[in-house]
Amino acid sequence: MAKTVLPFGPQHPVLPEPLHLTLTIEDEIVKEAIPKLGYVHRGLEKLAEIRDHNQMIYIVERVCGICSCMHALCYCQGIESLMGLEVPSRANYLRTIWAEMHRIHSHLLWLGLFADAFGFESLFMQFWRIRERVMDLQEETAGNRVILSVNQVGGVRRDISAESAQWILDTLKKVEKETLQLKSTILDDYTVKLRTVGKGVLTKEKAYELGAAGPTLRASGIAQDMRQTGYAAYSELDFAPVVETDGDCYARTVVRFNEVFQAIDLVRQAFSKLPEGELAVKPKGLPTGEVISRVEQPRGECLYYIRGAGKKFLERVRIRTPTFANIPPLLDMLPGCDLADVPVLILTIDPCISCTER
Amino acid sequence: MFMTKTILKNLLTKYATRLYPFHKRETFKHSKGELKIEMDKCILCGVCQMRCPSQCIKVDKQAKTWEVDPFACVYCGVCVDVCPVKCLYQESLYRTPLAEKDMVVHVQQPKESAEPAAT
């Protein structure tokens, strides 16, 4: 059969956000995929020129609707290192707790969306029901459900009281129990396995060569996690990256599923070691110099380049989000797969397009 | 087969969702909602205007007015944190929807006993 060119997206039932792929198919087998980005570009980096470095915290938080807390954390870390600030220990632990709660809700959201991508709608609803508990935790502790606005230069803006801490631990116990009940459905089900096992294999060498990030990279057998660099309170917590070796859709699901439990464990550890003390130090001076700040988001490594010239306004803020790093591996996975598997494959890199385009 | 237990449990327990207009969700004590001001306490210093990331607050010292564009407010609560006299506060509920865009204007009366006028 002759080659057919099929436009996939930017509007497609499986895509939460607009990504366009021009697929060249032959007998329903994808031969080539060419991406097109830029549908939701908002120019947030440019805003650094007209908003001062404190206002930028709340702007970079809005880069992503799912990992907002980590964007602000990454940005604040960069500004703090430019100003030479030492963040109080309690603030570091609280940042870790909020970041890990974000990871739990992001992975539960993804597990739901992934179930929906292969047509398992009731599983999707189960995951999202569990996720709602985490959203409540965030609303109670930070004031907002998604955009937490808890980070500030020099520390955090809110504290978590002892009662709230107990409530969080109790709720996370429920989250853990309920998620574990769904384990056999998402990981052992015959039909689910047919859609995931052996699909979209990304080899270890390719993953490294193409610069994959986050769960996509770890599912291919590379134990790389930015949390190992020990930012915030991670250097004092005990964890090892979740790694799978198969590199297929199933491996990526397993990595994200297990990271939910890892994150719950990290929250528990952080609460058990939570020190008393101040929440923030007062920043002095203005950011001068340039810095690269990195954090591990649910989707992978996020990188901020910040350059300040001793003025209120920063000279440059450059954001590299994990989805941007994961698009080349996606283009490597797509050729050779069935057209019906394309939505599943796109979902397994956990695309966050508005992050990528900022 | 793996879902059987979950399905049975769902059949026997109550709804996961609420019957909204009749059963409303309780808000949390520290939820960040609509921005309000106690106008008689305000000293019109303009710090909230300077720090607001969405620049939705306008303070006019001459006319003694404090304006907020509720449609531009992003509920971050920075203004509440930085206010030196703590005259700003956030309700725990979101603002109700409106049909038309409008600024919320508060005028400070010359005498302290006067009530703030909201339009």
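This is a predicted model: local features need pLDDT of at least 70, side-chain atom pairs count only at pLDDT 80 or more; totals for chains, interfaces and linings use all residues.
Reading from the N terminus on, its elements go α-β-α-β-β-α-β-β-β. That gives chain B three helices and six strands.

How spread out is chain B? Its radius of gyration is 21 Å, while the globule rule gives 14 Å for 119 residues, so chain B is more spread out than a compact globule. Of its 119 residues, 15% count as buried. Look also at who touches whom inside the chain: among contacts with a separation of 6 or more, 68% are between residues 24 or more positions apart.

Chain B also meets chain A. On the chain B side, 16 residues take part, and they are in contact with 19 residues of chain A. The chain B residues that touch chain A divide into nine nonpolar, four polar and three charged.

Now over to chain A and its sheets. Strands of a sheet pair through backbone hydrogen bonds, and they can do that in a parallel or an antiparallel way. One open sheet in chain A has three strands in the order β1-β2-β3, with antiparallel pairing. At its edges stand β1 (4–8) and β3 (29–36) of chain A, each with a single partner strand, so one side of each has no neighbour in the sheet. From one strand to the next, the twist averages 25°. If you zoom in on β1(A) and β2 (residues 20–26) of chain A, you'll find five bridges in the antiparallel sense. One pair to look for is Phe8(A) with its bridge partner in β2(A), Leu21(A).

Another open sheet in chain A has three strands too, in the order β6-β7-β8, again with antiparallel pairing. Here the edge strands are β6 (288–297) and β8 (314–320) of chain A, each pairing on one side only. Neighbouring strands of this sheet are turned by 10° against each other on average, ignoring direction. Between β6(A) and β7 (residues 300–309) of chain A there are 10 bridges, in the antiparallel sense. Thr288(A), for example, has Ala309(A) in β7(A) as its bridge partner.

Which helices pack on this sheet? One is α2 (residues 68–83) of chain A, which touches β6 and β7 of chain A and makes about 150° with the direction of β6(A). Another is α11 (residues 322–333) of chain A, touching β6, β7 and β8 of chain A, with its direction at about 130° to that of β7(A).

Stay with α2(A) for a moment, as it has a helix partner too. Its axis and that of α3 (residues 89–117) of chain A come within 8 Å and cross at roughly 145°. From α2(A), the contact uses Cys69(A), Met70(A) and Leu73(A); from α3(A), it uses Arg95(A), Trp98(A), Ala99(A) and His102(A). These residues divide into five nonpolar, one polar and one charged.

Some of those names come back in the largest nonpolar core, which has 122 residues. Cys69(A), Leu73(A), Tyr75(A) and Trp98(A) have the most contacts inside this core. Its largest share, 15 residues, comes from α3(A).

Terms used. Residues are numbered from 1 along each chain as its sequence is written. Chains are lettered from A and ligands numbered from 1 in the order in which they are written. Two strands pair if DSSP finds at least two bridges between them. Helices (H or I, at least four residues) and strands (E, at least two) are DSSP runs, numbered from the N terminus. Axes are lines fitted to C-alpha atoms, for helices over the stretch in contact, and angles run from 0 to 180 degrees between N-to-C directions. Two residues are in contact if their C-beta atoms, placed from the backbone, lie within 7 Å. The radius of gyration is taken over C-alpha atoms; the globule rule is 2.2 Å times the number of residues to the power 0.38. A residue is buried if 20 or more other C-beta atoms lie within 10 Å of its own, exposed if 12 or fewer, and partly exposed in between; C-beta atoms are placed from the backbone. Ala, Val, Leu, Ile, Met, Phe, Trp, Tyr, Cys and Pro count as nonpolar, Asp, Glu, Lys and Arg as charged, and the others, Gly among them, as polar. A nonpolar core is a set of buried Ala, Val, Leu, Ile, Met, Phe, Trp, Tyr and Cys residues joined through C-beta atoms within 7 Å.
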